[in-house]
Amino acid sequence: MNYQSIINRDVKSHPVEAGVRTRLLRPTYILLACTALVLTAMLWGMNPEPAEATRHVSLSLDVPVPAASPAEVVTPGTPDNNHIDPIKDLNKLASPAAGANGSEGDWHKVTVKSGDSLAGIFSRLGIPPRQLHDLLEQGGAAGNLKRIYPGQTLRLMTSDDTGLIKLSYQIDKLSILEISRDGKDYDISTTHLTPEHRKISTSGVIDSSLFVAAHKAGLSDNLTMKLAGIFAWDVDFALDIRKGDQFTVLYEEQYLDGENIGRGDILAAEFVNHGKRYRAIRYTDAGGKTDYYSLDGKSMRKTFLRTPVEFSRISSRFSLGRKHPILNRIRAHKGVDYAASHGTPIKATGNGKIVHRGKKGGYGNTIVIQHGSTYSTLYAHMSKYRKGLKTGSKVKQGQTIGYIGSSGLATGPHLHYEFRVNGAHRDPLKVKLPGADPLNKEYMDDFHAKAESLMAQIELIRDIQLASNN
Ligand SMILES: [Zn+2]
């Protein structure tokens with residue numbers, strides 16, 4: 001499955017129809033695209049019903065919203081009056097009065113065909129190859145011209161005498177590249193369109209899988225992935241989803257001239273898993289930092305303790321080749337050993353769920369904890385487990401899970417600790433731990449005010465949904 005193609009599809013497959021000119025393209029779009037990719041990968045293989053997941057993940061985001069369409073909430077003051085008709089806009093560019101060289105050339109509109117190249121297009125218009133070379137040498141935004149694809153439109157002003165005068169190219173739905181040439185000088189700029197933001201809320205109850213329920217509720221795959229990503233630390237979407245779990249989402253979608261361009265963010269969300277309610281608020285502080293926070297201002301992204309044993313010394317580090325003290329042969333040591341006296345408590349380094357508790361070959365008594373969908377930690381050679389813990393038990397960060405021992409292949413009492421990211425071993429002492437700082441205190445009042453208003457909307461829509469279900 002090529003996720004990139006799915007994610008790109010909604011960004012690139014339509015020419016832009018309309019927009020407003022602004023100077024800034026928010027870099028968050030790029031970030032979001034990356035996040036979406038990661039989340040798709042995360043969700044992949046986690047869905048309890050893979051057949052359904054396949055079907056839904058591969059759906060184009062252009063699929064019309066199903067009948068149970070989400071309720072539209074009034075969008076506060078995003079008037080349309082700044083809109084500029086892009087056709088008129090381009091005509092402005094095309095008008096002879098535009099630019100110093102405006103009267104000297106003719107405009108050509110070129111639709112990129114399969115097999116077309118920029119060189120081919122330039123050549124057909126009689127532009128000297130030297131100018132194409134010089135243009136691409138400019139780097140920066142001009143580099144977008146190396147990635148043209150069929151269906152896109154280029155507008156070029158040329159003249160028989162001088163070749164290229166101006167070029168305008170729709171990079172994606174929200175940006176237009178504009179170039180004008182004066183001798184060897186190229187003036188290159190990118191115009192960014194500002195979409196209209198519409199607030200929408202929806203709610204759903206899970207029957208078979210999150211994807212199916214979210215789709216029914218009118219959430220795009222993109223937003224569904226974002227929803228799962230927000231709660232990934234608290235809810236194991238692979239194993240923990242139950243029939244009857246609920247979600248309520250207040251989100252924003254972006255429109256250009258009435259067309260949904262498939263971008264948007266979740267503003268607030270609630271997920272009820274197994275009767276336990278999790279809530280998240282998107283907040284951008286005055287310093288420009290955006291994250292999802294729980295109602296008490298803690299980041300939804302949890303972090304890990306670096307060390308699972310308080311009173312210990314590191315007796316062996318992570319390495320990909322060392323002589324095993326008992327097996328007496330070179331073997332990778334894919335964890336860190338903490339030597340401590342027999343019976344010293346071992347702590348879970350993060351919130352999670354025990355997915356293994358029992359003997360595990362040379363590891364002896366071992367616990368493996370799954371943290372969200374990406375991370376897992378392993379604790380080996382325990383003398384005993386903490387009472388009451390079994391496979392499936394939830395553990396909290398810092399909670400004692402067992403005690404130092406030398407069960408399995410161990411020369412003396414120590415904890416062998418492993419840290420895995422998507423199943424791959426990482427050095428627990430060096431791995432970049434995820435997680436985020438809580439909201440800065442100075443923003444707390446503002447956050448609470450906003451969170452309260454967003455949560456009131458979430459509760460309203462959830463209650464309406466539940467009432468209509470009953
Ligand atoms: Zn070890």
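Residues are numbered from 1 along each chain as its sequence is written. Because the model is predicted, local features need pLDDT of at least 70 and side-chain atom pairs count only at pLDDT 80 or more, while totals for chains, interfaces and linings use all residues.

The protein has nine helices and 24 strands (DSSP runs numbered from the N terminus, with H or I of at least four residues for helices and E of at least two for strands). Of its 470 residues, 34% are buried, meaning that 20 or more other C-beta atoms, placed from the backbone, lie within 10 Å of a residue's own.

Seven of its seven residues are buried, so E19 is largely enclosed by the rest of the structure. One side carries Asn365, Ile367, Ile369 and His371, and the other Thr366, Val368 and Gln370.

Strand E18 (residues 352–359) runs antiparallel to E19 and is joined to it by six bridges (strands pair if DSSP finds at least two bridges between them), with Lys353 opposite Gln370. Five residues separate E18 and E19 in their hairpin, where Gly361 has a positive phi of about 55 degrees. Strand E20 (residues 375–385) likewise pairs with E19 in the antiparallel sense, over six bridges, and Val368 stands opposite Leu378. Three residues lie between the strands of this hairpin, and Gly372 there takes a positive phi near 60 degrees.

Definitions and conventions:
Buried ≥ 20, exposed ≤ 12 C-beta atoms within 10 Å, placed from the backbone.
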